[in-house]
Number of protein chains: 2
Amino acid sequence: MVEAPGFEAIQAARTRIAASVRRTPVLRSDSLDEALGARLYFKCENLQLTGAFKARGAFNAVLNLTAAQAARGVVTHSSGNHGAALALAARTRGIPAYVVAPRTTPATKQDNMRRYGATLQLCEPTLAAREAAAQQVAAATGATMIHPFDNADVMAGQGTVALELLEQVPELAAIVCPIGGGGLISGVAVAAHAVNAQIRVLGAEPAGADDARRSWEAGRITPVAQPSSLADGLLATIAPSTFEVIRTQVQAVGSASEAQIVAAMRLVWDELKIVIEASSAVPLAALLNGSLSADGQRVGIILTGGNVDLQRLPWKQD
Amino acid sequence: MVEAPGFEAIQAARTRIAASVRRTPVLRSDSLDEALGARLYFKCENLQLTGAFKARGAFNAVLNLTAAQAARGVVTHSSGNHGAALALAARTRGIPAYVVAPRTTPATKQDNMRRYGATLQLCEPTLAAREAAAQQVAAATGATMIHPFDNADVMAGQGTVALELLEQVPELAAIVCPIGGGGLISGVAVAAHAVNAQIRVLGAEPAGADDARRSWEAGRITPVAQPSSLADGLLATIAPSTFEVIRTQVQAVGSASEAQIVAAMRLVWDELKIVIEASSAVPLAALLNGSLSADGQRVGIILTGGNVDLQRLPWKQD
């Protein structure tokens with residue numbers, strides 16, 4: 001079984017990927033602070049290479065391969081952002097990247113994977129189909145499987161975002177992350193608690209894909225039968241490795257409806273003047289609807305990605 | 001006649017506004033660099049307070065008033081961003097701000113001015129009507145007129161963006177600014193040439209409002225009879241004070257069509273993951289269409305603002 005990384009692995013990841021990924025800015029807004037009665041710091045991983053935090057985990061995993069492993073390439077399954085990040089990391093190291101994606105993946109995200117050099121293979125939109133297709137590619141090519149979240153190097157890479165954020169804004173009382181498969185929040189929880197044991201690490205999910213919230217409450221992995229949300233990066237089910245961190249190191253998991261997610265997404269575009277995808281808006285939506293509490297404190301929010309089809313926005317044009 | 005500020009005035013402005021405005025990030029994109037065959041650095045004043053660089057000039061002007069002047073408030077005419085910035089600067093100093101705006105000002109920009117506390121008065125969309133209405137308010141209230149560009153304190157404040165950019169990216173060969181009334185490019189040209197006499201300072205305008213380009217070529221102010229563009233921040237005609245700087249310190253002025261501006265705007269949203277208004281896209285559009293040349297060098301582009309009505313985007317939704 002995969003185990004979540006320790007703090008040393010996250011520190012090592014930071015050094016390993018330092019020259020490859022961006023130190024993203026932190027933005028804030030007086031009017032968002034007023035709306036919530038707290039002080040919010042938005043960590044802009046939508047401005048990260050490939051438009052998502054996934055570059056951190058992907059570069060860490062690819063750069064940590066031996067030369068012999070690297071020569072045979074890497075393979076993964078992804079709903080988009082991890083696939084693009086893995087393709088860029090692989091191209092940077094000069095090795096092939098094979099990505100299996102559900103055929104329901106938005107065209108923008110498919111294009112994004114191809115432009116970074118992924119050899120893309122579409123499959124049925126089920127976890128079983130994704131995993132079977134990726135295993136098949138791995139067997140045929142000898143490529144190393146780099147799972148989008150159930151992988152210690154990937155989790156360690158994602159955790160570097162918390163180290164960076166806590167340097168940029170040292171006195172945070174809480175950090176809120178969206179949860180898909182749980183790779184981001186696992187790395188963030190380990191890193192943040194190593195820096196400050198008192199910090200609250202909070203998760204946020206779409207109400208239509210709230211397996212982490214259900215699992216956290218039940219104390220065991222509780223999948224959602226048909227996860228559904230326009231936050232297409234958050235449909236995955238957590239793994240045993242990520243659930244173990246969520247169960248022991250995440251202080252609360254909140255959720256938000258589709259309408260609340262769209263409203264929060266648009267609010268961020270309007271107030272922060274940045275493009276975020278729906279998945280990135282879920283933490284703010286869960287704070288605004290009271291499902292999570294900011295308690296009037298300094299709260300960091302990880303904006304996970306900005307890969308949006310600008311011709312298919314989820315709000316009406318006049 | 002108003003005279004453009006010297007370098008000392010711009011340095012003084014920087015100190016005066018340092019605690020009031022944001023140091024905005026600089027973003028870049030490999031794919032935009034490839035598209036242009038140069039190295040582009042985007043200075044994100046869309047992420048500035050009030051969503052535009054105008055906060056720099058407005059704070060400098062308001063903070064430079066004597067207590068007696070300040071007590072009577074400030075007045076201006078504005079198509080939106082300067083009015084919002086002046087309102088915020090005035091509110092911060094605890095004084096009233098009266099803003100005259102053409103009735104054609106987009107609703108988003110009218111709302112933006114009101115939310116920062118402006119007392120708004122609409123007028124006919126002509127320069128004569130704007131100036132007459134503003135003079136009337138000034139006479140009635142004793143408020144100090146803070147012209148959106150034909151004002152040395154405003155130009156000096158805008159020039160601080162170049163000082164900041166040249167600290168963030170020291171080795172720029174050129175800086176490109178959009179030109180409306182010319183306040184930004186005047187401050188930028190004085191500041192940039194004081195730091196590095198060799199730097200090229202380039203202007204860019206919508207083809208439908210290219211009075212600066214015509215004036216630069218003719219050697220005298222040459223207004224456009226009916227300026228028209230969706231880059232609504234760039235419709236003003238340059239003043240004698242700004243033209244004097246443009247004539248002597250700007251190395252080229254380019255232009256772009258409406259379609260080119262929209263394409264460049266969308267490209268920035270897609271590649272940089274930030275929201276910019278049409279006016280901000282004109283420099284990139286003028287580089288992409290060859291009207292200005294980047295010469296394969298390091299080029300800074302000032303993204304001037306991000307105040308957009310998200311329900312009225314200038315491209316089609318599927």
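## Salt bridges within chain B

D210(B) is buried, with a relative accessible area of 3% (buried means under 20% relative accessible area, exposed over 50%, and partly exposed in between, with a 1.4 Å probe and protein chains only). D210(B) forms a salt bridge with R214(B), the closest N and O atoms being 2.8 Å apart (a salt bridge is a side-chain nitrogen of Lys or Arg within 4 Å of a carboxyl oxygen of Asp or Glu), and R214(B) counts as partly exposed at 38% relative accessibility. This is a predicted model, in which local features need pLDDT of at least 70 and side-chain atom pairs count only at pLDDT 80 or more, whereas totals for chains, interfaces and linings use all residues. Side-chain values use heavy atoms, with hydrogens and water left out, residues are numbered from 1 along each chain as its sequence is written, and chains are lettered from A and ligands numbered from 1 in the order in which they are written.

A second pair in chain B joins D295(B) to R200(B), with 3.7 Å between the closest N and O atoms; D295(B) lies in the loop between α13 and β10 and R200(B) in strand β8, so the pair links parts of the chain that are 95 residues apart (helices, H or I of at least four residues, and strands, E of at least two, are DSSP runs numbered from the N terminus). D295(B) is exposed at 54% relative accessible area, while R200(B) is partly exposed at 21%.

## The sheet of chain B

Six strands of chain B form an open sheet in the order β1-β2-β10-β7-β8-β9, with mixed pairing (two strands pair if DSSP finds at least two bridges between them). Strands β1 (26–27) and β9 (252–256) stand at the edges with a single partner strand each, so one side of each is left without a neighbour in the sheet. Strand β2 (residues 39–44) pairs with β10 (residues 298–303) in the parallel sense over six bridges, and K43(B) stands opposite I302(B) in β10(B).

## Contact between the chains

The contact takes 29 residues from chain B and 29 residues from chain A (contact means heavy atoms within 4.5 Å). About 2500 Å² is buried between the two chains, of which carbon and sulfur atoms give 46% (buried area is the accessible area, with a 1.4 Å probe, that two parts lose on being put together, summed over both). K273(B), L310(B) and Q311(B) supply 29% of the area that chain B buries against chain A, more than any other three residues. Between the chains the count is four salt bridges, and R312(B) forms a salt bridge with D318(A) with the closest N and O atoms 3.8 Å apart.
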